[in-house]
Amino acid sequence: MPMTTIDFTVDPDGVAVVNINVPDRPVNVTTPNFFDDFEHAISRIANYPSIVGAIITSSKAGSFMAGGDLTNMGALFSSALLPNGQIDIDRLLVTCTRFSDLCRKLETCGKPTISAINGSALGGGLEICLSSHYRMVADDPKIKLGLPEVQVGLMPGAGGTQRLPRLIGLPKALPLLIDGTLLSPFEALNLGIIDAVVPAQNLLSKAKAWIMRSPVSQQPWDDRKFRFPGGTTQNNPSIMQLFVAGNARVKRKETGPTPAPRAIMSSLYEGSLLPIVDALTVESQYFCKLAMMSQTTSKIRTLFLEKPAAQKRARLIASTVEKPIRKIGILGAGMMGSGLAIACAMAGIEVVLVDRNSEIAAQAKSKLTAYLDKQISRGTLNPLTTKQWLSAILITDEYGHVGGADVIIEAVFEDRDLKSDVIKKVATIVGHGTVIASNTSTIPISDLARSCERPERFIGLHFFSPVEKMDMVETIRGRETSDETTAIAMKLVSILKKTPIIVSDSPGFYTSRCFETYLQESLLMIAEGVSPALVENVARFSGMPMAPLALIDTLSIDLAQSIAAQTKRAGEDSVDARAADDVRDRMLSLGRLGRKVKKGFYDYLDDGSIDSIWGGLASEFIACDDFTQPSADIVRDRLIYRQVVECVQCLEEDIIHSPADGDLGAVLGWGFLRGFGGPFSYLDCIGLPAASAKLQQLERAYGNRFQVPRLICDLAGSNSQFFSAGHAA
Amino acid sequence: MTDAFIYDSVRSPRGKGRPGGSLHAVTPLNLAAQMLRAIQSRNAIDTADLDEVVLGCSTPIGEQGAVLARTALLMADYCETVSGLHVSRFCASGLDAVNIAAAKVMSGEADFTIGGGVESMSRVPLGSDGGAWMTDPSAAFQTYFVPQGISADLLATKYHYAREALDAFAATSHAKAVAAWDEGRFKNSIVPVCDQLGRVVLEVDETIRRETNAAQIGKLEPSFASIGEADPGFDTLALMKYPEVERIIHSHHAGNSSAIVDGAAAIMIGNDIIAKKYQLRPRARFVGCASIGSEPTMMLTGPVTVTSKLLNRLGLTPDDIDIFEVNEAFASVVLHFADSLHIPMEKINPNGGAIAMGHPLGATGAILVGTALDELERTGGSKALITLCVGAGMGVATVIERV
């Protein structure tokens, strides 16, 4: 059978060269075809007497091998799916173990093998290197080496958790695996992961020379006298301490489900006490267990399949627009405006950053400079290019300068009148072709469009703060927004490398509307007399990026109040909403506005850091006499399910157009249920019947805001779910 | 059921559990053997009559491993027909050893036993046996493992024991221990430890601070703030389990926690046949004993639960108990015990405890039995309850009654 992913040659001296070359892929990845070819290549190396040894390298510039093919995760499961919907564990284990078995075959093939690493070797790529007898890397700083599986919620499954510690010892291997650290060739050399760094042009000749020296063809760990470098928990107290402390370091970050670091820890702990063959079996089982968890696949689907798919769709829509975006006008030089200005300048767009308040405009300039200086001092940015970026930004208090801009982004304070006012003003300055986008997080776009002479050129682009870190752009089409306007907006989003979801116009859109329920539910609990520490800690430990009261303090109570007012839909004035408003009003009247005045739900120290929860909360919001504090589970359920219900309602109301958009918006927008891949994936993970039962309980105890959405009932009734089972994509 | 009686108790003085401590050069084997030899010779018993020697030891590895009880009894020149049993339940090992030795008599399996314990913390350090609970990720994750000091601070935070209250209690422990020594209240049980030449190396508890007071103790830095708040950050794990606690206030330190020491103890237990044979008068009777499991992250509330369980089973109330010996693992454990069961402080640890005199893990339970018995005899009391908190969330208790 001809190999399609490997160019296999043998030179006159009997040195086989295994050139990995997976077709139609920008980088080499491990596909089922590759496994077939790799097996074939190993058996040739082992069985052809004329072959004296093998060099494993890559035909692809820059990529030795990047590891697993995430788009294949779905196939992995469908291959092991039984007709009754259960997973055939034995079959899945065979699939999961295949690569590991091949790597073991490679290191025991009886001939010396060397990895000539001419491009980045990541995940499975590095695992191939670890199972060859010698590792030689080209002296190219662009090459990265590492086992980053943990970052996609997985773990190395082909010996990475076993060979790396056997090579460099547990103390060095553990953090690399837990953090998924990527290393340069010299860093890897210093750690002992690779054996040599050589000039790129000499890599193959040096590799061949190594083979011709007739070196060993046995791994150190297959030697009977092998001693684990640095010892294990059985013979070295400091390794015991490594695990005692390491377990806690991993556990304390476990807010939300993060089973991968845990599985890596266990694989290291148990595997290090076993001979390599048994250790590889332990690793395979943990890998398989991890891969079987529905949250692993759903997280991968959202972050690594849906996210690029959304970016691709944006590019497709944008491709209908030929005119480039050369100049952009940003109104409002606050945190959001300044962040956008930098992002656009970095993308090569000329920026005019306007703030009517000349003082704020002046501050923006020094803030931008300070931000860039900080990045330069950290080594993340180059001083020369940052200077160019800064010179591409004109900061002014004169609206006139935005004339000729291709796109305007309005990013002034979240106030309807103020926004209408600046939009009206700028609309008279810019040309007919200019798209005007509002960065409002709550105010209906069709309402704001009324301030604009050409509502078809008006659109909502809700960026998230801090712009440089947050990928999401919630894109809101107003009633009259034209397709061309949307396409231009998508072009900007693509240039900025952001991920858009397109949502329908309505108060609070998708993200702010759902997010507001998080704040509202926590305020309701405060009103009831639930311990604020309980609410804050449970929220944090449930995977919310920030505890609700700390968040309101950071937003400041006046802004939180305005968000609440704007997201309130017509006619909505529930008892619950009013109770939450009352808490906000009370805090406002007490002057406890939040972090900016150093007192809110928390007291703050002079340097702005949190001192402790304000002691007065207990006396301000007194529970009724027979009130008992709820369990942590109840608090968690209220905070999480309240948002989940709102997300599903948004899908029912066609505010969002697919569960995938809903997941992306939640995960990238407000970090909601990130560990599960978003709210819709979460519902699938726990099962819709179980979710319905939980919601019914909550509704009985806490009111009809927890009523099971129709869509959940329908799906559960027809035994289906939001995403099809067994598939990651 | 047969009655099990206590005929005698001995204990070593406790030496500082570090190099430089007076017992550091004494092997745990030798330390245990000296106690066994003492109890044999004080009562002139024929060790061939003994059925079992049960010794507690919390860290049974290295020189404390391989059933130290059997080796120690052989080293004490006991008859080779006596079997040895090692017991480990962390801090309660010594009390469990006594309870097992008593239970063997009560069940009729044995007529004559010794229960006791030994721990040489200066030689076999605390935690040096590792163990799956804290090192195996699967266990550490599932149980929210935190070191005991974090649990003690969590307990103090959750139940509002301020640093001042803990320090005041610690000062009292020293004051009571000083008074007890000055009045010779321990003399009945103390067996000085000797070197190879028979010279006494220690005859008093070495960690008691005669001059200390709450103000002085108040100057000590908290011991667990760094591992709790910084790296590896155990506080977060404790809060995950107890989210109602806003944050942990670190208030325990070397001065209000039990001292790390070396020590050993032995209790002679038998039925009434022994009394007749040796013309010995039973000093006390075992009324009952119990053990429980409690939430492992908070870890230290076991004494409350096990005391309730045992008293209920025996049909007793705290009022029926004259003396409570509650191991002073940490000051908060004792304060929480007293408040939870509404027991007046005067009845608890009247002669001080492990904060002043030290907690040789495997021996402490047996030491407390002897201390309680001596105090019952001195005061004319009837019943005493001995209890200890235990790692991983457990509790053990025993009630004895003077006869």
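# A walk through chains A and B

B:Asn99 is found in helix α3 (residues 93–107) of chain B, where helices (H or I, at least four residues) and strands (E, at least two) are DSSP runs numbered from the N terminus. The model is a predicted one, in which local features need pLDDT of at least 70 and side-chain atom pairs count only at pLDDT 80 or more, while totals for chains, interfaces and linings use all residues. Residues are numbered from 1 along each chain as its sequence is written, chains are lettered from A and ligands numbered from 1 in the order in which they are written, and side-chain values use heavy atoms, with hydrogens and water left out.

With a relative accessible area of 5%, B:Asn99 is buried, a word that stands for under 20% relative accessible area, as against exposed for over 50% and partly exposed in between (1.4 Å probe, protein chains only). Leaving aside residues up to four places away in sequence, B:Asn99 touches B:Phe286, B:Cys289, B:Val396, B:Ala397 and B:Thr398, contact being heavy atoms within 4.5 Å.

Strand β1 (residues 5–11) of chain B is largely enclosed by the rest of the structure, because seven of its seven residues are buried. Strands are said to pair if DSSP finds at least two bridges between them. β1(B) pairs in the antiparallel sense with strand β8 (residues 261–270) of chain B over six bridges, and in this pairing B:Asp8 stands opposite B:Met268. Two bridges also join β1(B) to strand β9 (residues 284–293) of chain B, again antiparallel, with B:Ala284 as the bridge partner of B:Ile6.

B:Ile267 is found in strand β8 of chain B and counts as buried at 1% relative accessibility. Beyond residues up to four places away in sequence, its contacts include B:Ile6, B:Asp8 and B:Ser9, as well as B:Ile39, B:Val98, B:Ala366 and B:Val369. From B:Ile267 to B:Ser332 the separation is 65 residues in sequence and 29 Å in space, C-alpha to C-alpha.

The second largest pocket has a volume of about 1300 Å³. Among the 50 residues that line this pocket, B:Met121, B:Leu126, B:Phe224, B:Ser258 and B:Ile260 are the closest to its centre. Two or more lining residues come from each of α9 (237–251) of chain A and α4 (132–135), α6 (148–158) and α8 (214–217) of chain B. On a 1 Å grid over the protein atoms alone, a pocket is an open set of points where a 1.4 Å probe fits, with protein on both sides within 12 Å along at least five of seven lines, and lining residues have an atom within 4 Å of a point; the volume is the space filled by probe spheres set on the points, which are joined across faces, edges and corners.

In chain A, four strands form an open sheet of mixed pairing in the order β4-β6-β8-β9. Here β4 (62–65) and β9 (182–183) of chain A stand at the edges with a single partner strand each, so one side of each is left without a neighbour in the sheet. β4(A) pairs with strand β6 (residues 119–122) of chain A in the parallel sense over three bridges, and A:Ser63 stands opposite A:Ser120.

Helix α20 (residues 532–541) of chain A is mostly covered, with nine of its 10 residues buried, among them A:Pro532, A:Leu534, A:Glu536 and A:Phe541. The helix is followed by A:Gly543, whose phi is positive, near 95°.
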